[in-house]
Amino acid sequence: MVVVTECRRKEVEHWLMNVHYARRLPSVSFGFRLFIDGEDRGALTIGKPASPWIGRGVCGGKFEDRVYELNRLVIAEGMPKNTASSFVACCLSILAKRGNFVIVSYADDQ
């Protein structure tokens, strides 16, 4: 069974500091954990972009406060195909129930 829960940054620090290649803590406004059959299998965090120009560039000054960045996604090795995309979709669905947000994301080659 797959369960996604909202959480605090402290609850995903292990994933951010020990598993994700960046090995540093980002800004975290929203955190999520992925459990598969009761085992902690991943984390996703969303926070304010490091530069305020990102929000202005995406939405203009009127809505820049709604812009957030998907800044970390980490999943245990060996997970089935599409686990990451399903996890992201579930997290965004949970977040959508909390309000209107604009989420930006960047892909690294890592």
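Student: Which residues have the most contacts inside the largest nonpolar core?

Tutor: This is a predicted model, in which local features need pLDDT of at least 70, side-chain atom pairs count only at pLDDT 80 or more, and totals for chains, interfaces and linings use all residues. Residues are numbered from 1 along each chain as its sequence is written, and side-chain values use heavy atoms, with hydrogens and water left out. A nonpolar core is a set of buried Ala, Val, Leu, Ile, Met, Phe, Trp, Tyr and Cys residues joined through side-chain atoms within 4.5 Å, where buried means under 20% relative accessible area, exposed over 50% and partly exposed in between (1.4 Å probe, protein chains only). The largest such core has 13 residues, and those with the most contacts inside it are Val4, Phe30, Phe32, Leu44, Ile46, Phe87 and Cys91.

Student: Which element gives the largest share of this core?

Tutor: Helices (H or I, at least four residues) and strands (E, at least two) are DSSP runs, numbered from the N terminus. Two or more residues of this core come from each of strand S2 (30-36), strand S3 (39-47), strand S4 (67-75) and helix H3 (83-96). The largest share, four residues, is given by H3.

Student: Is Leu44 buried or exposed?

Tutor: Leu44 is found in strand S3, and its contacts (heavy atoms within 4.5 Å), leaving aside neighbours within four places in sequence, include Phe30, Phe32, Leu70, Phe87 and Cys91. In soluble globular proteins, nonpolar side chains tend to be buried together. With a relative accessible area of 1%, Leu44 is buried.

Student: Where is His20 placed, and which residues does it touch?

Tutor: His20 has a relative accessible area of 9%, so it counts as buried. Its place is in the loop between helix H1 (9-19) and S2. Not counting residues up to four places away in sequence, His20 touches Trp15, Arg72, Leu73 and Val74.

Student: Which residues are closest to the centre of the largest pocket?

Tutor: On a 1 Å grid over the protein atoms alone, a pocket is an open set of points where a 1.4 Å probe fits, with protein on both sides within 12 Å along at least five of seven lines, and lining residues have an atom within 4 Å of a point. About 550 Å³ of space lies in the largest pocket. Of the 21 residues that line it, the closest to its centre are His20, Tyr21, Asn71, Arg72 and Asp108.

Terms used: Points joined across faces, edges and corners; volume = space filled by probe spheres on them.
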